[in-house]
Amino acid sequence: MPKALLIIDMQNFVTERIQQGVDYFPHNSIENMTSVIEKFRKSGLPVIHVRHQTPEQGSLFHPSSPSSLPLDAFKESANEPVFIKHTSSAFSSTGLLDYLQDAQVSEVVVTGAVAGFCVNSTVRAGADLGLKMTVLKDAVISFELRQAQLSAKVIHDVTLALLAADFAQVIPAVELQV
């Protein structure tokens, strides 16, 4: 029952939002993600990258947009697959499930952006597909929703509580065993 690390949407838009003053939580999430990546790479376990792209010209996620490029610390190493998704869930518009099945991976450890959106959709879909999903609660990032007056922490806490209720094991990164 091998496990794999799934890094969701760690693209330039993440740090651009932070630099624009958009509140985020947890504040050490990016550092925690990079530590987990290093842990997986040292152990020889699979590290899988998923990136969001859209075909609409001018979109933040269009392939020509600098915002859609991976953050430097989240660029793939040799032999690390990259799946480009066009939907919220990494399973609905990619070959991710086929890859996991071929590699006989049955547990997916999830990090990345954004907790209430693509992380949430991916974890729920993975659980529905019969995979054991683990979310590292301090290695996924949330952003505030100003128009709804919801803080990044509230969104983070509610999203992860819902995932923990029925879809995933939710643990701090330091508790992860590889």
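# Briefing on a predicted protein chain

The protein chain contains 5 helices and 7 strands. The structure is a predicted model. Along the sequence, the elements of the protein chain follow the pattern β-α-β-α-β-β-α-β-α-β-α-β.

**Overall dimensions and packing**

- The radius of gyration of the protein chain is 15 Å, which agrees with the value near 16 Å that a compact globule of 178 residues would have.
- Taken along the principal axes, the box filled by the C-alpha atoms of the protein chain is roughly 40 × 35 × 30 Å.
- Of the 178 residues in the protein chain, 51% are buried.
- When contacts between residues at least 6 apart in sequence are considered, 79% of them join residues at least 24 apart.
- The protein chain exposes about 8,400 Å², and carbon and sulfur atoms supply 53% of that area.

**Backbone geometry**

- Most peptide bonds are trans, and most residues other than glycine have a negative phi.
- The peptide bond that joins F25 and P26 is cis, with omega at about -10°. P26 belongs to the loop between β2 (24–25) and α2 (29–43).
- A113 and V114 are also joined by a cis peptide bond, with omega at about -15°. V114 is located in the loop between β5 (107–113) and α4 (115–128).
- N79 has a positive phi, near 70°, although N79 is a residue other than glycine. The loop between β3 (47–52) and β4 (82–85) holds N79. N79 counts as exposed because its relative accessibility is 79%, and the cut-off for exposed is over 50%.
- Q149, likewise a residue other than glycine, has a positive phi near 55°. Q149 lies in the loop between β6 and α5, and with a relative accessibility of 74% Q149 counts as exposed.

**Salt bridges**

- Side chains of opposite charge can pair when their charged atoms come close.
- The whole structure holds 9 salt bridges.
- Another salt bridge pairs E80 with R41, where the closest N and O atoms are 2.7 Å apart. This pair, too, links distant parts of the chain: E80 lies in the loop between β3 and β4, R41 lies in helix α2, and they are 39 residues apart. E80 counts as buried at 12% relative accessibility, whereas R41 counts as partly exposed at 32%.
- D72 and K75 meet through their side chains in a salt bridge of 3.1 Å, N to O. D72 is exposed, with a relative accessible area of 65%, while K75 counts as partly exposed at 43% relative accessibility.

- T134 is placed in strand β6 (residues 132–143). T134 counts as buried because its relative accessibility is 0%, and buried means under 20%.
- Leaving aside residues up to four places away in sequence, T134 touches E107, V108, V109, V110, Q169 and I171.
- S65 is found in the loop between β3 and β4. S65 has a relative accessible area of 12% and is therefore buried. Residues up to four places away in sequence aside, S65 touches S59 and L60.

**A nonpolar surface patch**

- On the surface, L150, V154, V158 and L162 form a nonpolar patch, with about 320 Å² of accessible area together.
- V154, one of the members of this patch, lies in helix α5 (residues 152–166). V154 is partly exposed, with a relative accessible area of 41%.

Conventions. Residues numbered from 1 in each chain as written. Predicted model: local features only at pLDDT ≥ 70, side-chain atom pairs only at ≥ 80, totals over all residues. Heavy atoms only, no water. Helix = DSSP H or I, 4+ residues; strand = E, 2+ residues; numbered from the N terminus. Buried < 20%, exposed > 50% of the residue type's maximum accessible area, 1.4 Å probe, protein only. Contact = heavy atoms within 4.5 Å. Patch = residues over 30% accessible without salt bridge, like charges linked within 9 Å, V, L, I, M, F, W, Y side chains within 5 Å. Areas by Shrake-Rupley, 256 points an atom, 1.4 Å probe, with all protein chains shown as cover. Salt bridge = Lys/Arg side-chain N within 4 Å of Asp/Glu carboxyl O. Rg over C-alpha atoms; globule rule 2.2 N^0.38 Å.
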